[in-house]
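Here is a short report on how one protein model is put together.

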Amino acid sequence: MLPLYDTVRSRKFPLINLTLVLVNVLVFLYELQMDPLVLKEFIFTWGLIPARLISDPNSFWRTIFSAMFLHGGWFHIINNMWVLLIFGDNVEASLGKIRYIIFYLLSGLAAGLMQTYILPTSTVPMIGASGAVAGVLGAYLILFPRSRIASLVPILFIFTIIEIPAMLFLIFWFVSQLYSGWLAIQGGGESGIAWWAHIGGFAFGVLMVFFFRRRTPYRIGYQ
């Protein structure tokens with residue numbers, strides 16, 4: 001299922017959400033200018049490496065945050081930023097700008113720590129905004145359970161657009177991450193995708209959004 005848009009229309013300009021997208025894109029464009037060997041060194045310097053973080057947390061704690069602004073390719077960044085654009089604007093409007101940026105960064109922190117906890121000996125750099133974005137998805141599930149997600153779905157080799165309830169869409173997504181994370185552990189743990197970072201970020205979003213949302217409910221408009 002490829003999400004296209006949600007049926008909740010934000011009445012506020014998503015300044016922080018768009019700024020996060022812009023920063024991620026600018027960092028990615030900076031990566032593209034690098035020689036492959038320089039880029040590899042850059043990723044290993046600023047990416048989150050669980051084994052290194054555990055061995056020397058005082059020196060490498062910054063990589064928990066720097067890693068969430070790095071991406072490994074066009075599909076990687078387009079996928080993350082597209083999902084953030086769809087779901088982030090309404091979450092930002094519900095939390096407020098300052099709370100939203102703090103919530104986003106802490107979601108990424110929770111994601112990185114979960115991946116480190118599950119794979120403490122991993123020497124593979126973890127990069128990408130997906131853990132923080134997963135936190136936004138978790139918050140969206142709680143804040144907008146009656147929303148619908150217009151998605152491109154293949155039916156008998158023909159793609160069609162179907163509006164799927166947000167609760168069903170996001171729960172299905174989370175279960176798929178759990179299943180993939182479990183399979184990765186059964187296969188030795190290492191994987192090209194940080195499934196447990198997604199799980200950690202989403203769980204943080206679901207649990208902690210109650211502490212971050214505005215006391216006065218944000219008025220929304222369903223379409």
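Two strands are said to pair if DSSP finds at least two bridges between them; helices (H or I, at least four residues) and strands (E, at least two) are DSSP runs, numbered from the N terminus. This is a predicted model, in which local features need pLDDT of at least 70 and side-chain atom pairs count only at pLDDT 80 or more, while totals for chains, interfaces and linings use all residues. Residues are numbered from 1 along each chain as its sequence is written, and side-chain values use heavy atoms, with hydrogens and water left out.

**Confidence**

The pLDDT is the predictor's confidence in each residue, from 0 to 100. The protein chain has a mean pLDDT of 92, and 95% of its residues reach 70 or more. Confidence is lowest in strand E5 (residues 221-222), with a mean of 56, and highest in helix H1 (residues 15-32), at 98.

**The sheet**

Three strands form an open sheet in the order E1-E3-E4, with antiparallel pairing. Because strand E1 (2-6) and strand E4 (158-165) stand at the edges, each with a single partner strand, one side of each is left without a neighbour in the sheet. Strand E3 (residues 148-155) pairs with E4 in the antiparallel sense over eight bridges, and Ser151 has Ile162 of E4 as its bridge partner.

**Helix packing**

Two packed helices are described by the angle between their axes and the distance between the axes. Here axes are lines fitted to C-alpha atoms, for helices over the stretch in contact (heavy atoms within 4.5 Å), and angles run from 0 to 180 degrees between N-to-C directions.

| Helix pair | Angle | Axis distance |
|---|---|---|
| H1 and H7 (residues 97-118) | roughly 40 degrees | within 9 Å |
| H7 and H10 (residues 195-212) | about 140 degrees | 7 Å |

Angles under 35 degrees count as roughly parallel, over 145 as roughly antiparallel, 65 to 115 as roughly perpendicular and the rest as oblique. H1 and H7 are therefore oblique to each other, and the contact is made by residues including Leu15 and Leu20 of H1 and Tyr100 and Ile101 of H7.

H7 and H10 are likewise oblique to each other. Among the residues of H7 that meet H10 are Phe103, Leu106 and Met114, and those of H10 include Trp195, Phe204 and Met208. By class, this contact of H7 with H10 has 14 nonpolar, five polar and one charged residues, where Ala, Val, Leu, Ile, Met, Phe, Trp, Tyr, Cys and Pro count as nonpolar, Asp, Glu, Lys and Arg as charged, and the others, Gly among them, as polar.
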